[in-house]
Amino acid sequence: MPSPAEREATQTAYAASVNPAWLDVLRQCGLDARPLEAEGCWLRLEDGRRWLDFVAGYGAAVLGHRPQALLAGLAEDLFDPAPNLHPLGFSGLAGDLAAELLTLAGFADGKALFASSGAEAVEGALKLARMASGRRRALSFDGGFHGLTLEATSLAGSDFWRQGLPRSEDCAVLPWGDLAAAAAELSRGDVAAVLLEPVQGSAGARAWRGEALSELAELCRRHGARLIYDEALSGLGRCGAWFAYQALGAPAPDMLIAAKGLSGGVLPVSALLFREDIYQAVFARPGCAKIHGSTFGGNRLALCCGLRMLSLLRQLDAPAQARERGEALRRRWRGAGLEGFELEGVGLMLALRAGPAAQERLGEGAAGLLWLQLLQEGALTAPAAHDAAALRLLPPLNVAETELDFFLKACRRAIATLEQEATTS
Ligand SMILES: Cc1ncc(COP(=O)(O)O)c(C=O)c1O
């Protein structure tokens, strides 16, 4: 373990050259100890504490931190004699991964493009929708999150992310679920794309109704706009189906983004799936075969990682596992008699939401208080950036029974402590 002097020196160096404001926030929350070891659901911090990690790299560590089977496979891939980058060639791995993803997503035809981050895939989707339609405007919904590149920030479902940044005039954010507003915007005939998360992460696992998405898909079709589902987080099993829209009974979109689950929390890799008509309109034009991409999009190691993750997720039967684990946690929650906080969400994309009773007893900041108290109890969750009353829970899909029990006990103790403090203050 590093000595206090070594820890201090590391923090000083970080503050000097990286982000002192962030370090201040971490200090205020007691989060300024670095994790030096991670295994499955657990982090061991440099001050000796151990945390159950129900944030798991915002859901990217879908099989827990450092999944051994993935690491062992990637260690072999790393030393493969093939080049990692070969921009003037094509990759058999890309064909394999694309075909698997298109099948899982229920795209009978279509193509896949690979990128490194969720936001890069979102930007790609917007760009292809605009190139295919010759239109510029894009719509999104309150509460959604699509990454922090320029256009994705303009489409974020909270003004928080746009401080100091005027929103692009091509983008409009509509009230969540408001089909009348969507119909009014679409009827102008200038919308290229409608972007949404079928289950919103930052709004605390808030799910669209399948029927509402059916109506929206029909509106998009009628007015010539492409419907894009951003499943960077919700895809690849987490919501109890390979893609969340399938779990919700919604129709398939025109374009689909998959990301975190492909990475295993280890290597950046994302994918954009899109229909054949978009491919024909963009890439099949003379001279345009290479009109979109990036240096590291589809690099060999990233594709190996994606293929290995799909194989591991299939072995686990990720959708069934997410349904079963999610239900196991819900069962425990119902039996625990923890009044005031509701466990909500789809599969293992979950949120703890402070209801009116908890807010009355603990104040409007009830969820934030619970978050801090859970840290004291050794459980890491994440405040929902777009809903102050919610904490996000994104456990790995292979979370064990004992870990669910640990989490319940931590919640029980944390809520008891908060209740006690509220009655004595
Ligand atoms: C739904 C969704 N879309 C896009 C992104 C952005 O992904 P990245 O951080 O890899 O750019 C995220 C990240 O949390 C996300 O949850």
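Predicted model: local features only at pLDDT ≥ 70, side-chain atom pairs only at ≥ 80, totals over all residues.
**Cavity**

By cavity I mean a set of points, on a 1 Å grid over the protein atoms alone, where a 1.4 Å probe fits but cannot get out. The largest cavity comes to about 30 Å³, a volume being the space filled by probe spheres set on the points, with points joined across faces, edges and corners. I listed its lining (residues with an atom within 4 Å of a point): Gln200, Gly201, Gly204, Ala205, Met349, Leu350, Arg392 and Leu394. That splits into 4 nonpolar, 3 polar and 1 charged; here Ala, Val, Leu, Ile, Met, Phe, Trp, Tyr, Cys and Pro are nonpolar, Asp, Glu, Lys and Arg charged, and the others, Gly among them, polar. Domain 1 (33-66 + 317-424) and domain 2 (69-316) both contribute lining residues, so the largest cavity sits between them; the domain bounds come from an automatic or database assignment.

**Model notes**

I number residues from 1 along each chain as its sequence is written, and side-chain values use heavy atoms, without hydrogens or water. Local features need pLDDT of at least 70 and side-chain atom pairs 80 or more, while totals for chains, interfaces and linings use all residues.

**Ligand**

Then I checked polar contacts (N or O pairs within 3.5 Å). The side chain of Asp230 puts an N or O atom 2.6 Å from a ligand nitrogen. A backbone N or O atom of Ala119 is 2.9 Å from a ligand oxygen, and a polar backbone atom of Phe145 is 3.4 Å from a ligand nitrogen. On its own the ligand exposes 390 Å², 77% of which the protein buries (Shrake-Rupley areas, 1.4 Å probe).

**Second largest pocket**

Last, I opened the second largest pocket, about 1000 Å³; a pocket is an open set with protein on both sides within 12 Å along at least five of seven lines. Its lining has 33 residues, with Gly89, Phe90, Ala94, Lys290 and Gly297 closest to the centre. Helix 4 (92-104) gives the largest share, 5 residues.

Definitions and conventions:
Polar contact = N/O pair within 3.5 Å; in protein donor to acceptor, adjacent residues only side chain to side chain. Helix = DSSP H or I, 4+ residues; strand = E, 2+ residues; numbered from the N terminus.
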